[in-house]
Every structure is written in C-alpha cells, then in structure tokens.
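Visitor: Please put the model up, and then I will ask about it piece by piece.

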Amino acid sequence: MFYEPKKKNHGLAKNPFNSLVIPRPIGWISTVDPKGVLNLAPYSFFNAVCYSPPTVMFSAGIGSANDRTKDSARNVENTGEFVCNMATWDTREQMNQSSATLPAEVDEIALTKLTPVPSTMVSAPRIAEAPVHLECKYLKTVEIPGWNKTDIYKIIFGEVIGININDDFITGDGLIDIGKMKPIGRLGYNDYTKIDFDSIFTLDRPD
Ligand SMILES: Cc1cc2nc3c(=O)[nH]c(=O)nc-3n(C[C@H](O)[C@H](O)[C@H](O)COP(=O)(O)O)c2cc1C
C-alpha cells in the first residue's frame, strides 16, 4: 500500500505513522518552572542526535495551556535546563500516569509518588527511581509548523552536561547492563516494548 500522510488516505483503522518509526526511546523529561513547581512528562519524539557534545532533542506538540505550549517545553525555554530520565519496566505505570494533561501548577513527580532528587549541574530535579539521568543545558528550539495554521511543534535541543548512572547497572567489565535496566520503548498506538536479556543481540561491525 501507499498513502500520502497529508491526504490521510491510508484506509487503516488508525493513523499508522507511530507504528512505522519504532521502537522510540522515551525521554522522561523533568523540569522546574521559575516559581519552583516541578514537572515530569514522557516524550517519545525524543532521541540522542550527536556524540560530542552529547546532544538530545524532544518534540513537544500543542499544549492545553493558554500559550498552547506544553509545560516541559515552556519550562526549558524559561529556565534553560532539563533532565532526561530513563523510563524502565519498573516505572512504566508512573511514566504513563505522568503523561496526564494537567495544569502547570500540578507537580507530576509528587502525583506519581516518585522521588525528586537534586541534580548536579542543573536546577531541574532527577527522578531517583530512574537508573540514568541526562542533565541538559538548553541549546535551541526549532519550530516545525503543523498542517493547521495554529499548530506548531517545538523541537527542544539540549546539550547533555552531566550524566548519572546507577552503579547497580554497571557490570564488572565496565559496561552498562541494559538487560538488567530493562528500558522501555514506545511502539505504535498504546503499545510498548521492553528490553531485557533475551531481546539483546550483538553484531560485529565490518572493517
Ligand atoms: C509514552 C508517551 C510518549 C509521548 N510522547 C510525546 C511526544 O513526543 N510529544 C508530545 O508532545 N507529547 C507526547 N506525549 C504526551 C505528553 O506526555 C503529554 O501531553 C503530557 O501531558 C505533557 O506534559 P507537560 O505539559 O507537563 O510537558 C507522550 C505520552 C506518552 C505516554
């Protein structure tokens, strides 16, 4: 089959796009607003995009607040800082709950009974239950216009200036124990995938 996304002529039960770029890592973004209100939300239009300096991005669609900006994007733009927490099998329910559409005054870290801990390099908190935290300094926003004139996607880029790794997930050989960490990834619809020992395989690269 072939379809043109703008014509929405896929003829399928649901828009398949989310099922075609998979699995997507989940940037579980923690921020703080200028008044000190903490915020947490998952973003699966998220990825690492450079090595040196390590750089990440997440893409925020239209928000429900008056400024039509999602809290995470607004907080990053206002404070210049954010943390990407790794979502895992153990925190999957809290990750999902933290995606609820809530007013900016609501602290989703408290709501989901997670534990905020101070970061080393940024004012945004880290989530203690996450095995990895990328502490990020805001670089820039790239705006992508949507199909509707009023729609805009804000792609937020940040340089990773500090990285915390829970030592329980570092092997004796000095490698990250991903099978033990069990990160989760986003598939299409409301489906997810879990990485564990059975789902990891190795390929040696050609010379
Ligand atoms: C797994 C998952 C991935 C999501 N990815 C995105 C995304 O990439 N971009 C986006 O705008 N919303 C995404 N959402 C929805 C946001 O998490 C949701 O709108 C949330 O309320 C935003 O919170 P904030 O306003 O506090 O930033 C996702 C939700 C889930 C459950």
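Visitor: Which of the 19 residues around the ligand come nearest?
Guide: This is a predicted model, where local features need pLDDT of at least 70, side-chain atom pairs count only at pLDDT 80 or more, and totals for chains, interfaces and linings use all residues. Residues are numbered from 1 along each chain as its sequence is written. A residue is near a molecule or strand if its C-beta atom, placed from the backbone, lies within 6 Å of it. Of the 19 residues around the ligand, those that come nearest are Ala41, Phe45, Asp71, Ser72 and Ser99.

Visitor: Which element gives the most to the shell around the ligand?
Guide: Helices (H or I, at least four residues) and strands (E, at least two) are DSSP runs, numbered from the N terminus. Two or more shell residues come from each of β3, β5 and α1. The element that gives the most, with 4 residues, is β3.

Visitor: How many residues of the shell around the ligand are charged?
Guide: Ala, Val, Leu, Ile, Met, Phe, Trp, Tyr, Cys and Pro count as nonpolar, Asp, Glu, Lys and Arg as charged, and the others, Gly among them, as polar. The shell has 7 nonpolar and 9 polar residues, and its charged residues number 3.

Visitor: Which residues of α1 are buried?
Guide: A residue is buried if 20 or more other C-beta atoms lie within 10 Å of its own, exposed if 12 or fewer, and partly exposed in between, with C-beta atoms placed from the backbone. The cover over the buried part of α1 includes β2, β3, β5, β6, β9 and β10. The buried residues of α1 are Asp71, Ser72, Ala73, Arg74, Asn75 and Val76.

Visitor: At about how many degrees does α1 run to β2?
Guide: Axes are lines fitted to C-alpha atoms, for helices over the stretch in contact, and angles run from 0 to 180 degrees between N-to-C directions. Contact between two residues means C-beta atoms, placed from the backbone, within 7 Å. α1 lies across β2, β3, β5, β6, β9 and β10, and its angle to β2 is about 50 degrees.

Visitor: Which strands are at the edges of the sheet of 7 strands?
Guide: Two strands pair if DSSP finds at least two bridges between them. The order in this open, antiparallel sheet is β3-β2-β6-β9-β10-β5-β4. The strands that pair on one side only are β3 and β4.

Visitor: What is the bridge partner of Thr55 in β10?
Guide: β5 and β10 run antiparallel and are joined by 6 bridges. Val56 stands opposite Gly158 in β10. The partner of Thr55 is Glu159.

Visitor: How many residues does the hairpin from β4 to β5 pass through?
Guide: β4 (residues 46-50) pairs with β5 in the antiparallel sense over 4 bridges. Phe46 has Phe58 in β5 as its bridge partner. The number of residues through which the hairpin joins the two strands is 4.

Visitor: Why is one side of β1 left without a neighbour in its sheet?
Guide: The open sheet has 3 strands in the order β1-β11-β12, paired antiparallel. β1 (24-25) stands at an edge, as does β12 (192-194), so each has a single partner strand.
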